[in-house]
Amino acid sequence: MIRRSLVRAAVGLALLCAAPAFAQAPALVPSHVQVAREVLELSGVTQGFTNIYNEFERNVQNMLATRPEMKKDADAVIAALKPEADKRASEMSQVAAEVFARKMTEADLKDVAAFFKSPVGQRYSTLRREAMEDILNTLAPWTIQTSQYLFDRFSQEMSKRGHTL
């Protein structure tokens, strides 16, 4: 769970770092950016940005589970940080929408939004989240095994070339 949040945070950070590069491109029409943002919201992409705060809150609560004397203060600080987290999530959503708007026409984005608003699009969104969880859980051991295999093969090949790792 933490790994997914870190990935989401890294993607968000990458998008924010890319913002100055996009600032040099021609300005986008506000309606184009708005429909791109709508697509990102309907497809669940922006949920990852808001989940950063939720996961942070859970992690702090878990970390302080053995420190009940800190709970009241921790809850107050966590609540005080929510507006800042919301602002950052909104900024990441805006940058992501601008990136997406540069990739697709406004008309295409409107078609995508219409799909996600349709019954089948809503089912897809719901099932996609569940399917992605299942896929991540199912492939986790395979991912580790493949990574280990590739590192072992890399070590063997480097040894053949006279290098010791």
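In the predicted model, helix 2 meets helix 4 through His 32, Val 33, Ala 36, Arg 37, Val 39 and Leu 40. The partners in helix 4 are Ser 90, Ser 93, Gln 94, Ala 96, Ala 97, Glu 98, Phe 100 and Ala 101. Contact here means heavy atoms within 4.5 Å. Helices (H or I, at least four residues) and strands (E, at least two) are DSSP runs, numbered from the N terminus. By class, this contact holds eight nonpolar, four polar and two charged residues. Nonpolar covers Ala, Val, Leu, Ile, Met, Phe, Trp, Tyr, Cys and Pro; charged covers Asp, Glu, Lys and Arg; the others, Gly among them, are polar.

The axes of helix 2 and helix 4 (residues 71-103) come within 8 Å and cross at roughly 110°. Helix 2 is therefore roughly perpendicular to helix 4. Axes are lines fitted to C-alpha atoms, for helices over the stretch in contact, and angles run from 0 to 180 degrees between N-to-C directions. Angles under 35 degrees count as roughly parallel, over 145 as roughly antiparallel, 65 to 115 as roughly perpendicular and the rest as oblique. The crossing of helix 2 and helix 4 is right-handed. A crossing is right-handed if the near helix is turned clockwise from the far one by less than a right angle, and left-handed if anticlockwise.

Residues are numbered from 1 along each chain as its sequence is written, and side-chain values use heavy atoms, with hydrogens and water left out. Because the model is predicted, local features need pLDDT of at least 70 and side-chain atom pairs count only at pLDDT 80 or more, whereas totals for chains, interfaces and linings use all residues.

Helix 2 (residues 30-42) also packs against helix 5 (residues 106-117). The angle is about 30°, and the axes lie 9 Å apart. The two helices are therefore roughly parallel to each other. Their crossing is left-handed. On the helix 2 side, the contact is made by Ser 31, His 32, Val 35, Ala 36, Glu 38, Val 39 and Leu 42. Helix 5 contributes Glu 106, Leu 109, Lys 110, Val 112, Ala 113, Phe 116 and Lys 117. Eight of these contact residues are nonpolar, two polar and four charged.

His 32 belongs to helix 2. At 12% relative accessibility, His 32 counts as buried. Buried means under 20% relative accessible area, exposed over 50%, and partly exposed in between (1.4 Å probe, protein chains only). Leaving aside residues up to four places away in sequence, His 32 touches Ala 101, Met 104, Thr 105, Glu 106 and Leu 109. His 32 and Ala 97 are 65 residues apart in sequence, and their C-alpha atoms are 8.9 Å apart.

Pro 26 sits in the loop between helix 1 (2-23) and helix 2. Pro 26 is exposed, with a relative accessible area of 65%. The C-alpha atoms of Pro 26 and Arg 102 are 9.7 Å apart, across 76 residues in sequence.

Helix 3 (residues 47-63) and helix 4 have axes that come within 7 Å and cross at roughly 160°. Helix 3 is therefore roughly antiparallel to helix 4. Helix 3 passes helix 4 in a right-handed crossing. From helix 3, the contact draws on Phe 49, Thr 50, Ile 52, Tyr 53, Phe 56, Glu 57, Val 60 and Gln 61. The classes are twelve nonpolar, three polar and four charged. Asp 75, in helix 4, is partly exposed, with a relative accessible area of 29%. Asp 75 and Gln 61 are 14 residues apart along the chain, with 8.4 Å between their C-alpha atoms.

Overall, the chain has six helices and zero strands. From the N terminus on, the elements run α-α-α-α-α-α. Of the 165 residues, 22% are buried. Among contacts between residues at least 6 apart in sequence, 80% join residues at least 24 apart. The mean pLDDT (the predictor's confidence in each residue, from 0 to 100) of the chain is 87, and 85% of residues reach 70 or more. Among the elements, helix 1 has the lowest mean pLDDT (53) and helix 5 the highest (96).
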